[in-house]
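Visitor: I would like to go through this model with you, one question at a time.
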Amino acid sequence: MMTPHGTMAAPAQLDPMTPRPFRIRQRRKELADTFTLALAPDDGGGFAFQPGQFNMLYAFGVGEIPVSISSAPDEPGEILHTIRAVGKVSAALGALKPGDMVGVRGPFGTSWPVEAAYGSDLVILAGGIGLAPLRPAIRQVIAQREKFGNVVILYGARTPEDILFRKELQSWRGHFDLNVEVTVDRVTGAWGGRVGVVTGLIRQGGFDRLHSIALLCGPEVMMRYGVRALHDCGVASERIYVSMERNMKCAVGFCGHCQFGASFVCKDGPVFPFDRIEKLFAIPEL
Amino acid sequence: MTEQDDLRAQIKEHPLLHDLSDAHIAELATCAVAERFQPGEFLIRDRTPADKFFLIRHGTLSIELETPPKGRLVLQTVHEGDGLGWSWLVPPHRWAFDARAMTLVRTVTFDANALLARFEANHELGYQLLRRLLGMMAHRLTAARLQMLDLYGPPPAAKV
């Protein structure tokens, strides 16, 4: 099978628990605590995936973590992973340099319903590093812009210094056929943009409540209020998709670490239609 | 078109009050003027008498607090389609923040004392306006509560 990169896809892995060697081609600092690794398979094979899926990245001798793929399937070059250094594995990945190796298992999980949204308006709501898993979907939407109605991209960050993919957001704002709004919770310096919660932007509308698909990714509390705001605007639960984050370990639904009600986030998610998890979403213990 | 016609049209176009009756809009227009503020100009100063209510027709302004020794803190921004100010409704009728134009701002500005007098004389008008202001206040309160959370910090499960 040919991948969008024009290389032969690697044969399906017989053992999803065995990491595949990938080499770091580039390491890019995004924010004070966030970086992007550009990876390429070291075995010469390809790598096919869908927007919203994730890989398990193994820092040899330290451990393995789930990381969403932040490049688009049709984006030339390497596979991108944008990582916030918050623990020992992510910090170890952050200490690696171009040329170093990592182990990769994947891709795993469900994807954003980009094709299913053809003909609909799109509301894309991202908070913090939640923009990374949505980036491939946004790039796919832009690449086939004529297949969608209005496209509204709403992004919130803690401060202006925490805005992820700032240049790309500015580029998206430059499109005449995209409505892109960025807001921050706190201002720490010169900032001429919005200050306030990102979920408040939903009230501004710009989309057809009956014919919109909403994609949400960010902190769970942000998604909770984002969903409420969408409901208040008349968007039905079955038209809302959320990307859930849980403590994924095996990534194939065996270990149960990421169990969410009767679902496993690694296998049945991370992207869920909201109507499927709506009742679980209200249970704090989950 | 007279100035009053113009004000009535501007009030009717504004999302906060667009569904008021024509009679109520006409009554409100008698308490209003159209104003324009240049970038950097203050609409509201902290601790001064709260005697105005603004409908924002165009532009962006920041709600700010002086927080010595840190300096000025922007709490939130307010935009076209929003309303601004409710301190005139409750004692001690003084503003609790600064509001400054970030861009050119156009408003319909109401004389709050004239509004209160109208409300006393016409309770239905008062009820209709307060109902809408309460909705605006509820949204701001929810937003302020969310803003207090560190929404974008990593969840404990993500510390790997």
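Visitor: How many residues does the contact take from chain A?
Guide: This is a predicted model, and the figures that follow are computed from it. Chain A and chain B bury about 2300 Å² between them, with 62% of that area on carbon and sulfur atoms. Chain B gives 23 residues to the contact, and the number taken from chain A is 31 residues.

Visitor: Which residues in chain A lose the most area to chain B?
Guide: The area that chain A and chain B bury between them is about 2300 Å². On the side of chain A, three residues together make up 22% of what that side buries, and they are Asp185(A), Val195(A) and Val197(A).

Visitor: How many residue pairs are in polar contact between chain A and chain B, and how many of the residues on the side of chain A are charged?
Guide: The count of salt bridges between the two chains is 0, while 4 residue pairs are in polar contact, both residues being at pLDDT 80 or more. At least two residues each come from helix H1 (88-94), strand S8 (151-157), strand S10 (194-195) and helix H4 (220-233) of chain A. The residues on that side comprise 13 nonpolar and 10 polar ones, and those that are charged number 8.

Visitor: What distance separates the centres of domain 1 and domain 2 of chain A?
Guide: The domain assignment of chain A gives domain 1 as residues 20-108 and domain 2 as residues 115-281. Taken over C-alpha atoms, the separation of their centres is 22 Å.

Visitor: Which residues in domain 1 of chain A lose the most area to domain 2 of chain A?
Guide: The contact between these domains takes 24 residues from domain 1 and 22 residues from domain 2. About 1800 Å² is buried between them, of which carbon and sulfur atoms give 64%. On the side of domain 1, a share of 25% of what that side buries comes together from Leu31(A), Pro51(A) and Phe54(A).

Visitor: Which residue forms a salt bridge with Glu75(A)?
Guide: Across the interface of domain 1 and domain 2 of chain A, the rule finds 2 salt bridges. For Glu75(A), the closest N and O atoms of the pair are 2.9 Å apart, and the partner is Arg135(A).

Visitor: Which strand gives the most to the side of domain 1 of chain A that touches domain 2 of chain A?
Guide: Between these domains, 5 residue pairs are in polar contact, both residues being at pLDDT 80 or more. The elements of chain A that give two or more residues to this side of domain 1 include strand S1 (20-31), strand S3 (54-59) and strand S5 (79-84). With 4 residues, the strand that gives the most is S5(A).

Visitor: In chain B, which residue in S5(B) stands opposite Thr67(B)?
Guide: Strand S4 (residues 60-67) and strand S5 (residues 71-79) of chain B pair in the antiparallel sense over 8 bridges, and a hairpin joins S4(B) to S5(B) through 3 residues. Elsewhere along this pairing, Glu64(B) stands opposite Val74(B). Opposite Thr67(B) stands Gly71(B).

Visitor: What is the bridge partner of Ser62(B) in S7(B)?
Guide: S4(B) also pairs in the antiparallel sense with strand S7 (residues 98-101) of chain B, over 4 bridges. In S7(B), the bridge partner of Ser62(B) is Arg100(B).

Definitions and conventions
Residues are numbered from 1 along each chain as its sequence is written. Chains are lettered from A and ligands numbered from 1 in the order in which they are written. This is a predicted model: local features need pLDDT of at least 70, side-chain atom pairs count only at pLDDT 80 or more; totals for chains, interfaces and linings use all residues. Side-chain values use heavy atoms; hydrogens and water are left out. Two strands pair if DSSP finds at least two bridges between them. Contact means heavy atoms within 4.5 Å. Buried area is the accessible area (1.4 Å probe) that two parts lose on being put together, summed over both. A salt bridge is a side-chain nitrogen of Lys or Arg within 4 Å of a carboxyl oxygen of Asp or Glu. A polar contact is a pair of N or O atoms within 3.5 Å; within protein, one must be able to donate a hydrogen and the other to accept it, and residues adjacent in sequence count only if both atoms are side-chain atoms. Ala, Val, Leu, Ile, Met, Phe, Trp, Tyr, Cys and Pro count as nonpolar, Asp, Glu, Lys and Arg as charged, and the others, Gly among them, as polar. Domain bounds come from an automatic or database domain assignment.
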